[in-house]
Amino acid sequence: MYTTPQKKTYYDLSKQWLQTPCNPIEYDLLVDTLIYHEWAYSVDGQAIIGDQEYDLLYQQLEAIESQLSS
């Protein structure tokens, strides 16, 4: 379960990264944020961001992973 401050943090980070892509240094935080959104959708039953926004964040994750593996 997530506390209200954690929920707000993950929401705020999501909105920030949708405007300015996540820095590779923030990789772990991006992973945690995506896990939170998956939990909110599948366990809590409330999508906090839309599917398209989630997909954009996930694409950022994939881009960072691609950079790290090369």
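Me: Where is T33 found?

Reply: T33 is found in helix 2. A helix here is a DSSP run of H or I, at least four residues long, and a strand is a run of E, at least two; both are numbered from the N terminus. This is a predicted model, in which local features need pLDDT of at least 70 and side-chain atom pairs count only at pLDDT 80 or more, while totals for chains, interfaces and linings use all residues. Residues are numbered from 1 along each chain as its sequence is written, and side-chain values use heavy atoms, with hydrogens and water left out.

Me: What is the average confidence in the protein?

Reply: The average pLDDT is 95. That score is the predictor's confidence in each residue, and it runs from 0 to 100. Of the residues, 100% score at least 70. Helix 2 (residues 27–42) has the highest confidence, at 97. Helix 3 (residues 51–69) has the lowest, at a mean of 95.

Me: Which residues does T33 touch, not counting residues up to four places away in sequence?

Reply: T33 touches Y10, L13, S14 and W17. Contact means heavy atoms within 4.5 Å.

Me: What about S14: why is it called buried or exposed?

Reply: S14 sits in helix 1. Its relative accessible area is 0%, so S14 is buried. Leaving aside neighbours within four places in sequence, S14 contacts T33, H37, I49 and L57.

Me: How many aromatic pairs does the structure hold?

Reply: There are 6. One of them joins Y10 and Y36.

Me: What makes the Y10 and Y36 pair stacked?

Reply: The rings are 5.3 Å apart, centre to centre, with 25° between their planes. Rings of Phe, Tyr and Trp (its six-membered ring) pair if their centres lie within 6.5 Å; planes under 30 degrees apart count as stacked, over 60 as edge-to-face, and the rest as tilted. Both values pass, so Y10 and Y36 form a stacked pair. Y10 lies in helix 1 (residues 4–19) and Y36 in helix 2, so the pair ties together parts 26 residues apart in sequence. Y10 and Y36 are both buried.

Me: Which residues form one aromatic cluster?

Reply: The cluster is made up of Y2, Y10, Y36 and W39.

Me: What makes D12 and K8 a salt bridge?

Reply: Their side chains meet at 2.7 Å, N to O. A salt bridge is a side-chain nitrogen of Lys or Arg within 4 Å of a carboxyl oxygen of Asp or Glu, so D12 and K8 qualify. D12 and K8 are 4 residues apart in helix 1, about one helical turn. D12, at 35%, counts as partly exposed. K8, at 52%, is exposed.

Me: How do you know that K15 forms a salt bridge with E53?

Reply: The closest N and O atoms are 2.6 Å apart, so the pair passes the salt-bridge test. The pair links distant parts of the chain: K15 in helix 1 and E53 in helix 3, 38 residues apart. K15, at 26%, is partly exposed. E53, at 24%, is partly exposed as well. The structure holds 2 salt bridges.

Me: What makes the span of helix 3 close to the expected one?

Reply: Helix 3 has 19 residues and reaches 27 Å from its first C-alpha to its last. The expected span is 1.5 Å times one less than the number of residues. That gives 27 Å for helix 3.

Me: How do you know that the buried residues of helix 3 line one face?

Reply: The buried residues are Y54, L57, Q60, L61 and I64. Seen down the helix axis, they fall within an arc of 115°, so they line one face of helix 3. The arc is taken from the directions from the helix axis to the C-beta atoms. These buried residues pack against helix 1 and helix 2. On the other side of helix 3, D51, Q52 and S69 are exposed.

Note on methods: Buried means under 20% relative accessible area, exposed over 50%, partly exposed in between (1.4 Å probe, protein chains only).
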